[in-house]
Amino acid sequence: AKFEYSYISELTAIESQARHMVVKAVEYDALLRKGVSGEEARQSERRLVELVGSINSVANVKCKGRDDLGYGILESARRVLDRGDDGRCGAALILAADVV
């Protein structure tokens, strides 16, 4: 009975931690959908990107999750899209559009 209690307690703690990450991500997403702007929007977006990376990393049971793709990737993708199609970077535009 002691083993089962420990096992269930640990599963409950893991579930609570995972739920907390998802709830925070939903909160940041909701702020962005409300149309916040300026520094608040950038901070919410940055935190959302970090949380998605963390969730991806811990949720992938085959150890292929990544948490190293940070906010800089999103900023770079936006710069590529802002620059537009100059006829040389078709693949970059496709990738940037997928990121954004």
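Q: Is Tyr 7 buried, partly exposed or exposed?
A: In this predicted model, local features need pLDDT of at least 70 and side-chain atom pairs count only at pLDDT 80 or more, while totals for chains, interfaces and linings use all residues. Side-chain values use heavy atoms, with hydrogens and water left out, and residues are numbered from 1 along each chain as its sequence is written. Buried means under 20% relative accessible area, exposed over 50% and partly exposed in between, with a 1.4 Å probe and protein chains only. Because its relative accessibility is 47%, Tyr 7 counts as partly exposed.

Q: Which residue forms an aromatic pair with Tyr 7?
A: Rings of Phe, Tyr and Trp (its six-membered ring) pair if their centres lie within 6.5 Å, and planes under 30 degrees apart count as stacked, over 60 as edge-to-face and the rest as tilted. The structure holds one aromatic pair. Its rings are stacked, at 6.2 Å centre to centre and with 20 degrees between the planes, and the partner of Tyr 7 is Phe 3.

Q: By about how many helical turns are Phe 3 and Tyr 7 separated?
A: Helices are DSSP runs of H or I with at least four residues, strands are runs of E with at least two, and both are numbered from the N terminus. Phe 3 and Tyr 7 both belong to helix H1, which covers residues 2-34. Because they are four residues apart in this helix, the separation is about one helical turn.

Q: How far apart in space are Tyr 5 and Asp 68, C-alpha to C-alpha?
A: Tyr 5 also lies in helix H1, and at 61% relative accessibility it counts as exposed. Between Tyr 5 and Asp 68 there are 63 residues of separation in sequence, and the distance in space, C-alpha to C-alpha, is 36 Å.

Q: What radius of gyration does the chain have?
A: The secondary structure comes to four helices and zero strands, and the C-alpha atoms fill a box of roughly 65 × 30 × 15 Å along the principal axes. The radius of gyration is taken over C-alpha atoms, and the globule rule is 2.2 Å times the number of residues to the power 0.38. A compact globule of 100 residues would be near 13 Å, whereas the chain has 18 Å.

Q: What percentage of the residues of the chain count as buried?
A: The accessible surface, from the Shrake-Rupley method with a 1.4 Å probe and, for residues, only the protein chains shown as cover, comes to about 7800 Å², of which 56% belongs to carbon and sulfur atoms. Of the 100 residues of the chain, the buried share is 16%.
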